[in-house]
Amino acid sequence: ASPNNPHFYNLLGQLWLKAKDLGQAESAFKKAIELDNSLLSAYLNLGQAYHQAGKTDQAAKEYETVLEKDPKQIQAHMMLGIIHESRKEHEKAQGHYEAILKVSPQFAPAANNLAWILVDHGGNIDVALAHAQMARERQPNDPNIADTLGWIYYKKNVTLLAVSLLKEAVDKLPNEPVVHYHYGMAQKKNGDAA
């Protein structure tokens, strides 16, 4: 009925993503972009399809295209930050998280990830603490944020707070070995070797 509507192809691609057919999703998103190369959501969705397929180079390219068209696009910065972190390119990831916080200073996922990079890769621990505390205020039930904040308190020798937050993280993420490691280290520092 409307074969040249890019929004319909974008929607079709989203449905294929939900159906876990990444090939069909990719085709639909590419058709949406072909029909309207200013439709940023199609680039974001295509990046997501590539990311889910493990094609991180292609995903990064789509997210970079979005940022060329709109440098303040939070989702593209977030995904590029995650991709760079997975590649151990911590400075690049940090740059994307900082760019998000300039646009949206209360965006908890970026604040948490930035805090993690700072505390684990030689950044300013007090700046990391401020980011993690803000993330915790915005999303008080997120176990990943509890883990980050607990680990920062561990590094700052605020052991009781560290143990409490890391216990919460372990309870909510029982299958995450790194969280158990953090909790164990905090327990040890608290004098509970057993």
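Trainee: Why is Q187 called buried?

Mentor: Buried means under 20% relative accessible area, with exposed over 50% and partly exposed in between, using a 1.4 Å probe and protein chains only. Q187 has 16% relative accessibility, so Q187 counts as buried. Keep in mind that this is a predicted model, where local features need pLDDT of at least 70, side-chain atom pairs count only at pLDDT 80 or more, and totals for chains, interfaces and linings use all residues. Residues are numbered from 1 along each chain as its sequence is written, and side-chain values use heavy atoms, with hydrogens and water left out.

Trainee: Why is Y63 called buried?

Mentor: The relative accessible area of Y63 is 0%, so Y63 is buried. Y63 lies in helix α4; helices here are DSSP runs of H or I with at least four residues, numbered from the N terminus.

Trainee: What does Y63 touch?

Mentor: Contact means heavy atoms within 4.5 Å. Not counting residues up to four places away in sequence, Y63 touches L44, G47, Q48, A76, M79, L80 and I83. G47 is 16 residues from Y63 along the chain, yet their C-alpha atoms are separated by 6.2 Å.

Trainee: And Q187, which residues is it in contact with?

Mentor: Q187 lies in helix α11. Leaving aside neighbours within four places in sequence, Q187 is in contact with V163 and D192.

Trainee: How do you know that the span of α5 is close to the expected one?

Mentor: The expected span of a helix is 1.5 Å times one less than its number of residues. Helix α5, residues 74-86, has 13 residues and reaches 18 Å from its first C-alpha to its last, close to the 18 Å expected.

Trainee: What covers the buried residues of α5?

Mentor: The cover includes α3 (40-52), α4 (56-69), α6 (90-103) and α7 (108-120). Among the buried residues of α5 are A76, M79, L80 and I83. Just after α5, K88 takes a positive phi of about 65°.

Trainee: What makes up the lining of the largest pocket, by class?

Mentor: Ala, Val, Leu, Ile, Met, Phe, Trp, Tyr, Cys and Pro count as nonpolar, Asp, Glu, Lys and Arg as charged, and the others, Gly among them, as polar. On that basis the lining has 8 nonpolar, 5 polar and 4 charged residues. The largest share, 5 residues, comes from α7.

Definitions and conventions. Helix = DSSP H or I, 4+ residues; strand = E, 2+ residues; numbered from the N terminus.
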